[in-house]
Amino acid sequence: MKTLFVSLALLALGFVQTIHSLAAEVKIEELINPEVTFDSSLPKPEEVIGVNVGERHWYSHEIRQYLDSLAAASPRMVALGEHARSYGGRPLVSYAISSPENLAKLDTIRAARAKIVNPDVDIDLSKQPAIVHMMYSIHGNEPSGSNATPLVAYYLNAAQDSELEQQLQNIVIIFNPMLNPDGLDRFANWTNNHRGLNPSADPNDREHREHTPNGRGNYYGFDLNRDWLPHQFPESRGRLALFHDWKPNVQLDFHEQGSNNHFFFMPGKPERTHPLTPKMNQILTAKIGEYHAQTLDENGVMYFTQENYDDFFMGKGSTYPDLFGTVGILFEQPSSRGTKQNTINGLLDFPTSISNQFLTSLSSIKATSDLKNELLSYQRSHFVDLRAKQPKGYYVARAEGDATRLKEFMRVLQGHNIEILGLAEDIEAEGHTFSASDSIVIPLNQPNAAYLRALWSRQLEFEENVFYDVSTWTLPLAFDLTHTQQAVVKVKTKKLTDQFLASSKKLPESKTGYLIDWRDSASAELLYDLLEAGANVRAATGAFQAQTINNGLRDFGYGSLLISPELNKDIPTQVVKILQTAASSGLPVYAAASSFTPTGIDLGSRGFEVLSLPKVLLVTGPGTSGYDTAELWHLLDRVVNMPITMIDTFRLPSTDLSRYTHVLLTDPLKAVPGISKKLDAFIQAGGVLFAQGDSTLEWLNKEGLTEVFWKETASQKLRAEFKRTAKKDSAGDLEQLLPPRQAYAEADNEAAYTLVRGVILEGDIDITHPLGYGYSDNELPMFRTNNRFMLRSSDPYSTPIAYSEQALLSGYMSAENQELARESASVIVESKGKGALVLSLDDPAFRAFWWGSQRVLINSVFFGELL
């Protein structure tokens, strides 16, 4: 029956009329069920847009336009409005689809969701519908999901079928047609403008090969499916609010994968399930999977399950809900990446991709309807059992001197509906002092404690050593917070008020100048504004105490800023206004009472270095990683709020680098002729090259721009010795250098064993080094995603960040790699001529939420002259 419904919908929409050869391959007439009719009063997609579904890639505004038209005409569909707006200015919208009776009491149904997850409130589950959240195409160049939504919505509203009508009585669908409109439109524009009258199925054709940045990411190029946890982007914040508002029983996440695969649906590989995921979650996932299997089998669609993908990283659309009493389901449809493409399985076209997303949309609806009582009971019991088993106590955290960083950490937690309290009095815990004035406490005994524990925990033991994504994401380490690892029991708490961390003040006039505490993360934006306004800004290369007007004696660390008048001049009026505005906003700006300081360098000391306005060039385009460049662009553009210049690799030979103070490089420039000499001249003349990643550092090494010495594993040393011996033609000596034979089937596992797929290592940062300015202590968690480790610099002063002796804080890393990491370098600074190279193995701005280490990059930008 499901097959017949799909086929009739396809026929009614003229789904296949414009694609060459498809009509000959799909015998649609054999699948029509003559008993099913469609409401002729409702608009079909092509009647509103003038384009059939699958004829070409639809743009986000076209999808919205059709769904709005359908919602206005149908008693089964209500527009819920805009829940977010992307940085590209595109709205993200959602709809409720259900029976007219359910839609008439939609507000009551939504209000009941909070009662279901509240163990203190009684509720009759039998009278509640199940909620299914259907989400499509969070990756913009996986477009078959979003392009299927007009077809899915039309069918759900127009089909006159008793079975469907009963399903809509049992469930309410929150229909989220596109999670990434910026990426979706970027890809639609690409493929629609690069297909011919006779589209090429060759995978090498331009239509299938996007340039960087491609449509996968959002406006800045970020992977929004990795932004559930940190929700740094408006799309994610709105999506989270929608999720927690409706508290769905099932969440569907429609994706695409490589063209040569077959269809995938959850469950994933059992051994790679997060230990906090309830067993019943996986049982229900498997039950729902049976519906997908039946539907795909009936339609002759090949698929696989319980392989490759996993439920470990709790920050994707299909895993995030698993700790909230929801069942998350991932779908991966092979991608045609355009109109059609030849694959090892045959010709894959866009309409086929859309139809498979359509099929599993309907099988999900049937499964949720049939399993309604089990799903509601599971959701209820999840929160009841969690309350009964949850230990007492509180996590405690603070960010000394950096209210901005702590506020951002709080925003992230609150986005997951996690309650935060304040300290009623100072406490000592785990060797740290937590002040009531700037510390927060997070109770474990709260509804969403399961996700809180997943965010807080450090994991070092694993059943598997292969991960689809990162193996750890400990949030307080990402923010470099002073925090307790275990819950503290005896804590007096209080509710946080709007005054917590607020320090708005009026800035008094000073003839000496003004001081800024560089520890606060908002100071970087302030510094750029001051430099742009022509302020005379100096950075302290030493610590000191200074007497301030109205704020008394205060301590200032390395990197503290001094804004003082030039000789025989006053501080410009515009500069003073900027400082006054910053002080009134709560930033750590103080009026200096005197140049004399009781301890440390005086304000007139040579220990204050003059800073100048940075002019940053970020290398982008072909040959670069869209993710890595996106992180640097977003950090400087959105966090520091400063302009940068992005230049594609092929334009570098004709670019005058002397116009810039910094070049940021995330990838090797192997295809750019003459660039090595050009970069060398740029550095020699006083420029700063920030280079990120092991492949980039190795390329610089081979080009003679720097020297990097890599540490080697025992097996790597053995292979190198084998090659050296083989050159001597000493066959007798080679035998003892051969590794033992192993089973071929173990090759993949052995390769995975050597990988580092996202771990947290403890960095030891030199807070007296310009890259360490603004840090309060030497311990800095660094996020690591590669398995190469370099020796520290031969210059004892030039390794500002090295890993500690026992570096692994959380995540999976083999014992062999742990040994390599021991006391190796994370960041090396090499002076060269008048300039310098900053060699960073790690990604300091990882996924925009590694707020602890992103200061390293910011420091390299503003304190480049000090290097």
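Visitor: Which elements are among those that cover the buried residues of helix α15?

Guide: Helix α15 (residues 449-456) has seven of its eight residues buried, where buried means under 20% relative accessible area, exposed means over 50% and partly exposed lies in between, with a 1.4 Å probe and protein chains only. Helices (H or I, at least four residues) and strands (E, at least two) are DSSP runs numbered from the N terminus, and a contact means heavy atoms within 4.5 Å. The cover over the buried residues of α15 includes α13 (372-389), β13 (394-398), α14 (403-415), β17 (439-443), α16 (475-478) and β18.

Visitor: What is the mean pLDDT of the chain?

Guide: The model is predicted, so local features need pLDDT of at least 70 and side-chain atom pairs count only at pLDDT 80 or more, while totals for chains, interfaces and linings use all residues. Residues are numbered from 1 along each chain as its sequence is written, and side-chain values use heavy atoms, with hydrogens and water left out. The value pLDDT is the predictor's confidence in each residue, from 0 to 100, and it stays under 50 over residues 1-32. Across the chain, 96% of the residues reach 70 or more, and the mean is 93.

Visitor: What angle does the direction of α15 make with that of β13?

Guide: The strands β18-β13-β17-β14-β19, in this order, form an open sheet with antiparallel pairing, where two strands pair if DSSP finds at least two bridges between them. The edge strands, each of which pairs on one side only, are β18 and β19 (493-494). Helix α15 packs on this sheet and touches β13, β17 and β18. With axes fitted as lines to C-alpha atoms (for helices over the stretch in contact) and angles taken from 0 to 180 degrees between N-to-C directions, α15 makes with β13 an angle of about 50°.

Visitor: Which residue in β18 is the bridge partner of A397?

Guide: Strands β13 and β18 pair in the antiparallel sense over two bridges. Strand β18 covers residues 482-483, and in this strand the partner of A397 is H483.

Visitor: Is H483 buried or exposed?

Guide: Apart from residues up to four places away in sequence, H483 touches V396, A397, E430, H432, F434, W456, R458, P476 and L477, and one of these, W456, is itself among the buried residues of α15. The relative accessibility of H483 is 7%, so this residue counts as buried.

Visitor: With which residue does the side chain of H483 make a polar contact of 3.3 Å?

Guide: A polar contact is a pair of N or O atoms within 3.5 Å, of which, within protein, one must be able to donate a hydrogen and the other to accept it, while residues adjacent in sequence count only if both atoms are side-chain atoms. A polar atom of the H483 side chain lies 2.8 Å from the backbone oxygen of L481. The contact of 3.3 Å, which is between two side chains, joins H483 to R458.

Visitor: Why is strand β30 described as largely enclosed by the rest of the structure?

Guide: In strand β30 (residues 688-692), V688, F690 and Q692 point one way, L689 and A691 point the other way, and all are buried. The strand is therefore largely enclosed, the number of its five residues that are buried being five.

Visitor: Which helix lies in the β-α-β unit with β29 and β30?

Guide: This unit is right-handed, which means that, with the strands pointing away from the viewer, the path from the first strand over the helix to the second runs clockwise. In the loop between β29 and the helix of the unit lies G674, which is exposed, with a relative accessible area of 56%. The helix, residues 675-684, is α20.
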